[in-house]
Amino acid sequence: HPIFAVFLSDSESEDSEITFGDIKQERMVGDMFWVPVSRHTGYWQVQMEDIAIGNKQQKLCSDCQVAVDTGTSMLAGPSRVIHELTRRLRVAPDCSNYQDLPDLGFVVAGHVMNLKPSDYVDKSAGSCSPSLMSLDVPPPNGPLFIFGDPFLRKFYSAYDLRRQRVGFAVARHVGVPEEKAQALLVSLSSGKVQKAGAFLSK
């Protein structure tokens, strides 16, 4: 079966791994869900429905494409969306609100895949900034987001060439309780995700 899967370690106590011809259940927590490849651009590219902050949909990117890319060290997206996302996340440069920052989630195929502040904030020497990069790809391939390493460390991904689809599951990491890991993935049908509404008006 022409399939491969990617696991990225998030500590020195485990190794990153690419598996050909198989998906390793022991590398993931819970079930994998599958998303069809949306456009044949040479990327493993899928449709993204929206972005969520604290499990609240933001209506920031209703027709965005996402390319899953192990070669990108950050999360990247259209400059307009990244600018507004940075504004709404309100990461204090002096890290004073770091402990209170929300989850940042990406809505794909009815699921919210969440990242914690430690995944999307670059924190060093007492200063903090969102690890988000502007990247403007024009239509028809864009607007395009890139799920780089910060995302791929948290989510185990599989690539099915024959069926032209990408699979996502929460990655199982050494020392991370299963319950805590499972909380990163939220289904829209669970009732835990708040739809975008008037509270977002400026």
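Colleague: Which residue stands opposite F106 in β9?

Modeller: In this predicted model, the residue standing opposite F106 of β9 is I51. As a general idea, strands of a sheet pair through backbone hydrogen bonds, either parallel or antiparallel. Here strand β5, residues 50–53, is joined to β9 by four bridges, and the two strands run antiparallel.

Colleague: Which residue is the bridge partner of F106 in β10?

Modeller: That partner is M113, and it belongs to a pairing in which five bridges join β9 to strand β10, residues 111–115, again in antiparallel fashion.

Colleague: Which way do the residues of β9 point?

Modeller: The general idea is that in a regular strand the side chains alternate between the two faces of the sheet. In β9, L104, F106 and V108 point one way while G105 and V107 point the other way, and all are buried. Since five of the five residues of β9, residues 104–108, are buried, the strand is largely enclosed by the rest of the structure.

Colleague: Which residues touch the most other members of the largest nonpolar core?

Modeller: In soluble globular proteins, nonpolar side chains tend to be buried together. The largest nonpolar core of this model has 45 residues, and those touching the most other members are M48, I51, F106, Y120 and F145. Helix α1, residues 79–89, supplies the largest share of this core, with four residues. A second, separate core has 10 residues, among them A5, F7, A169 and A171.

Colleague: With which residues is I51 in contact, leaving aside its neighbours within four places in sequence?

Modeller: The contacts of I51 include L104, G105, F106 and V107, and they also take in V81, L85 and F145, as well as K56, Q57, Q58, L60 and C61.

Colleague: Is R80 buried or exposed?

Modeller: R80, which is found in helix α1, has a relative accessible area of 58% and therefore counts as exposed, the cut-off for that word being over 50%. Although R80 and L60 are 20 residues apart in sequence, their C-alpha atoms are 9.3 Å apart in space.

Colleague: In what order do the five strands of the open sheet lie?

Modeller: The order is β2-β1-β15-β16-β3, with antiparallel pairing. The edges are held by β2 (17–20) and β3 (28–36), each of which has a single partner strand, so one side of each is left without a neighbour in the sheet. On average, neighbouring strands of this sheet are turned by 20 degrees against each other, with direction ignored. Within the sheet, six bridges join β15, residues 155–160, to β16, residues 165–171, and Y156 stands opposite A169 in β16.

Colleague: How many helices and strands are there in the protein?

Modeller: There are four helices and 17 strands. The radius of gyration is 16 Å, close to the 17 Å that the globule rule gives for 202 residues, so the protein is as compact as a globular protein of that length. Its C-alpha trace spans about 50 × 40 × 35 Å along the principal axes, and 49% of the 202 residues count as buried.

Colleague: What share of the contacts between residues at least 6 apart in sequence join residues at least 24 apart?

Modeller: That share is 67%. As for the surface, the protein exposes about 10000 Å², of which carbon and sulfur atoms supply 49%.

How values were computed
Residues are numbered from 1 along each chain as its sequence is written. This is a predicted model: local features need pLDDT of at least 70, side-chain atom pairs count only at pLDDT 80 or more; totals for chains, interfaces and linings use all residues. Side-chain values use heavy atoms; hydrogens and water are left out. Two strands pair if DSSP finds at least two bridges between them. Axes are lines fitted to C-alpha atoms, for helices over the stretch in contact, and angles run from 0 to 180 degrees between N-to-C directions. Buried means under 20% relative accessible area, exposed over 50%, partly exposed in between (1.4 Å probe, protein chains only). A nonpolar core is a set of buried Ala, Val, Leu, Ile, Met, Phe, Trp, Tyr and Cys residues joined through side-chain atoms within 4.5 Å. Contact means heavy atoms within 4.5 Å. The radius of gyration is taken over C-alpha atoms; the globule rule is 2.2 Å times the number of residues to the power 0.38. Accessible areas come from the Shrake-Rupley method with a 1.4 Å probe; for residues, only the protein chains shown count as cover.
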